Amino acid sequence: MAIKTLNRDPLAFVLVKYFLLVIILLFLLFPLYWVLITSFKTNMEAYRYPPTFFPHEPAATSFIKLFSEHNQFFVYYRNNLIVSTSVAVLCCVFATFSGYSMARFKNRWGRMFFAILLVSQMFPVISRMISLYVILGRIGIINTLGGLIFALLAAQVPFCIILMASFFANIPTEIEEAAFVDGAGRWMILFRIVTPLVKSGLLAVGIYAFLMTWDDYLHAATLIQADNLRTLSVGIALRYLGELSYDWSLVNAISIIGTIPVVLIFFFFQKYMIKGLVAGAVKG
Amino acid sequence: MKTHFLNRRQRDGLFGFVLDIPALALTVAFIIVPIFDSVIKSFQEYGVRNIISGKPGVWNNWANYLYLSKTDLFLKATIHTFSFVTAVVVVQFLLSLALALILNTDIKGARFLRSIMMTPWVVPTVISALIWMWLFQPQYGLVRYLISIASFGAVTDFAILNNPKTALMGVGIAALWKQIPLMSLLLLAGLQNVPHDIEEAAMIDGAGKVRRFYSVVLPYLSPVIKVTISMSIIENFKQFPLFWTMTGGGPNNATTTLAVLSYREAFVSMNLGAGSAVTTLWMVMMIAVVFFYNQIFRIQDMG
């Protein structure tokens with residue numbers, strides 16, 4: 001076996017290790033570099049074959065075009081911001097309630113609730129969209145951002161609850177017992193004493209919900225029909241991929257602008273995010 | 001002071017239940033009820049007319065299922081879905097594990113690499129589809145160029161998404177690109193939980209790298225492996241935006257998966273009954289897969 005010989009031969013082992021690392025990292029990171037440089041190429045240069053690995057005449061034409069001519073893109077962008085922020089905030093509220101309950105009161109009902117949450121996440125989104133499309137149409141909230149927000153919230157809440165519960169579980173119950181003895185009510189204990197201690201959990205939940213909602217395609221594709229209410233993913237797919245010949249510099253500029261907010265948020269709050277993801281998936 | 005009719009435990013339980021009401025109401029209204037409703041619709045004639053007039057669907061004697069059994073598209077979609085899920089999950093697991101193991105050794109800048117490698121994970125799915133469509137672009141794409149160099153000019157018209165034989169692989173590569181980071185991160189976290197002293201003890205006892213991996217690391221990692229693989233199975237089973245953006249199910253239905261088929265039936269042909277029939281069968285398959293998956297892990301845990 002190859003690895004056994006490597007064990008005797010540290011140099012070869014090290015070489016294979018770095019070779020694999022470089023290959024995987026190139027696969028993960030080079031496409032991002034490629035998008036970035038294409039967005040700074042003119043269409044003339046983007047359509048050159050063989051392709052250039054560094055823009056010969058770097059130009060911001062595609063960005064200027066996007067900002068000056070494509071106002072509809074920013075309508076989608078704004079809608080995406082509204083929807084993602086609302087879902088993130090509401091998710092924190094729902095996750096605080098149920099996450100606390102899940103971490104503290106472990107009874108039969110709690111286990112059943114947990115099972116319902118997990119199972120509900122397993123099923124394909126399309127199956128419920130077929131039905132929501134009709135139900136939301138009947139109660140008149142189809143084609144509204146409000147309807148979209150609640151549908152997306154329901155999709156994000158289960159994992160957020162599990163995530164939040166893992167943060168609540170780390171808070172020692174003695175603090176609550178002491179407050180209880182001092183005569184504090186349950187709601188007061190939850191909101192004034194325990195919740196302030198899990199701020200990093202709230203941050204992780206909020207950011208997770210924001211990132212996941214920013215990514216949504218299916219909910220918006222089925223529940224929104226008016227162009228002015230479309231969100232980013234659907235808007236991009238319909239407006240910029242509908243034509244036969246693509247304006248690839250523009251598409252790459254759109255990719256950059258559409259990704260920037262989530263990348264910034266992720267890297268700024270990385271510490272909480274990584275802790276949260278690991279806690280939710282590995283311990284939950 | 002108030003007098004309490006319930007004891008402390010019962011009051012705890014009640015409070016816990018009250019706290020769960022908002023999330024439960026939301027889940028029931030937006031997930032559970034719609035899922036049951038779509039199963040009912042799968043046995044009904046339900047199309048645009050029902051939506052406009054508000055008339056309930058009518059039982060149509062299994063017509064939606066009979067329709068699916070008449071075309072071979074459903075069978076094809078099932079095969080495509082299963083091949084896609086199997087290939088992506090296996091390759092993803094191997095590459096993620098390799099990356100996690102490497103980042104867990106004492107290489108320089110491991111923390112920095114761990115953080116920048118996460119970038120593809122935050123890129124929105126539709127945008128990652130755009131990125132790979134541009135890389136795979138048949139005339140000016142980078143991949144065409146790289147393949148023509150790697151094959152010494154033998155293959156000059158490489159267009160992975162336009163060829164029915166390779167299109168599924170093309171979408172799979174985009175899926176891997178987006179999903180490897182998270183799986184690596186979780187596996188890495190699992191590896192960092194492996195107690196050092198046990199590994200050192202095994203080393204002192206003369207266990208080699210491979211032996212230590214199988215006997216010490218893997219048992220500690222197995223719960224994390226179980227969770228990450230099941231997350232990956234479910235995610236790829238449900239994958240829709242990548243297919244819809246990159247290929248739309250083509251060429252020649254080569255990438256028509258269950259997700260694409262159900263979406264097309266329900267929202268393009270506006271035959272909601274047939275679309276529900278696809279999703280209903282699809283859910284049955286998912287339940288079966290998850291059930292067998294858990295069985296396999298249970299047997300392994302005992303063995």
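Let's start with chain B, which carries 14 helices and two strands. Keep in mind that this is a predicted model.

**Chain B overall**

How does chain B compare with a compact globule of 303 residues? The globule would have a radius of gyration near 19 Å, but chain B comes in at 25 Å. Its C-alpha trace, taken along the principal axes, spans about 85 × 75 × 40 Å. As for burial, 39% of the 303 residues in chain B count as buried. Now look at the contacts in chain B between residues at least 6 apart in sequence: 67% of them link residues that are at least 24 apart.

**Two domains in chain A**

Over in chain A, the domain assignment gives two pieces, domain 1 and domain 2, with the bounds shown in the table. Their C-alpha centres sit 33 Å apart.

Which elements build the side of domain 1 of chain A that touches domain 2 of chain A? Here α2 (10-39) and α3 (43-46) of chain A each supply at least two residues. The largest share of that side comes from α2(A), with four residues.

Note on methods
Residues numbered from 1 in each chain as written. Chains lettered and ligands numbered in written order. Predicted model: local features only at pLDDT ≥ 70, side-chain atom pairs only at ≥ 80, totals over all residues. Rg over C-alpha atoms; globule rule 2.2 N^0.38 Å. Buried ≥ 20, exposed ≤ 12 C-beta atoms within 10 Å, placed from the backbone. Contact = placed C-beta atoms within 7 Å. Domains from an automatic or database assignment.
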